[in-house]
Amino acid sequence: MIDYLLNVDYAPFLLSFKLAFITTLILFVLCMPLAWYLSQTKSKFKPFLESLCTMPLVVPPTVLGFYLLWGLSHNSPIGQFFNDYFGIKLVFNFYGIIIASCIYSLPFMVQPLQSGFESLNKNMLEASLLSGKSKFTTVLRVALPNIKPSLLTALIITFAHTVGEFGVVLMIGGSIPNETRVAAIAIYEFVEVLDYKNAHIYSLIMIVMSFMTLLAVYIFNGKQKKDRVL
């Protein structure tokens, strides 16, 4: 078993990790101000924005993937713009699956951050602003350090969810070795050709990774709760 594990092609897993890391980083930068705004605003458009951010959770991946494929293809205005001015094709390559992953994993970053910001003591935030600190400094140095469990949950769950993506990535990127063939797609292809041995190995690796990820989140959050009680 150990010898077999040493000979497994880990390229799809490395590509999955690369995709997940880049997606998580991009979403953190983009979603932090969005989550902050949603947590503080009283605008009548807030439910609309929240529904829009949550839609990737309920829209079937193939539906989302189809419209992304249509919207990013070289025949679309967006795809044509990137192709003409930057020489970048947004479908069936790594750039395309990054965009797809960012949209598909958006709720997993926004919702924990928004919940964390909403749980903050308003007096603490007001004191920071009254002391002359900007909103950006308040969020970065006051809000974020005080929502560590929510922040860690957002980062880890977004990363783990992206590692396990299948439908959207397959629609946008296909299965190009070392380019778009992530671990979930590799498992699907093993099953298609009845290679259950490799399918089992890849699936078990994914299960162990998922369990360890969730375990890390619960252990960290449990310690944070105990520290607060003490």
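Colleague: How do the residues lining the largest pocket divide into nonpolar, polar and charged?

Modeller: Keep in mind that this is a predicted model. The lining of the largest pocket has four nonpolar, three polar and four charged residues.

Colleague: Which residues line the largest pocket?

Modeller: W36, Y37, S39, Q40, T41, K42, K122, L125, E126, L129 and K135. Two elements, α2 and α8 (122-130), each give two or more residues to that lining.

Colleague: And how much space lies in the largest pocket?

Modeller: About 220 Å³.

Colleague: OK, switching to the fold. How many helices and strands does the protein chain have?

Modeller: The chain comes to 13 helices and zero strands. Its C-alpha atoms fill a box of roughly 65 × 50 × 30 Å along the principal axes.

Colleague: Back to α2, then. At what angle do the axes of α2 and α7 cross?

Modeller: Roughly 40°, with the axes of α2 (residues 11-40) and α7 (residues 106-118) coming within 8 Å. That angle makes α2 oblique to α7.

Colleague: Is the crossing of α2 and α7 left-handed or right-handed?

Modeller: Right-handed.

Colleague: Which residues meet there, between α2 and α7?

Modeller: From α2 there are T24, L27, F28, C31, M32, L34, A35, W36, L38, S39 and Q40. On the α7 side they meet L106, M109, V110, L113, Q114, F117 and E118.

Colleague: And what does the contact of α2 with α7 look like by class?

Modeller: That contact has 13 nonpolar, four polar and one charged residues.

Technical notes: Residues are numbered from 1 along each chain as its sequence is written. This is a predicted model: local features need pLDDT of at least 70, side-chain atom pairs count only at pLDDT 80 or more; totals for chains, interfaces and linings use all residues. Side-chain values use heavy atoms; hydrogens and water are left out. Axes are lines fitted to C-alpha atoms, for helices over the stretch in contact, and angles run from 0 to 180 degrees between N-to-C directions. Helices (H or I, at least four residues) and strands (E, at least two) are DSSP runs, numbered from the N terminus. Angles under 35 degrees count as roughly parallel, over 145 as roughly antiparallel, 65 to 115 as roughly perpendicular and the rest as oblique. A crossing is left-handed if the near helix is turned anticlockwise from the far one by less than a right angle, and right-handed if clockwise. Contact means heavy atoms within 4.5 Å. Ala, Val, Leu, Ile, Met, Phe, Trp, Tyr, Cys and Pro count as nonpolar, Asp, Glu, Lys and Arg as charged, and the others, Gly among them, as polar. On a 1 Å grid over the protein atoms alone, a cavity is a set of points where a 1.4 Å probe fits but cannot get out, and a pocket is an open set with protein on both sides within 12 Å along at least five of seven lines; lining residues have an atom within 4 Å of a point. Grid points are joined across faces, edges and corners, and a volume is the space filled by probe spheres set on the points.
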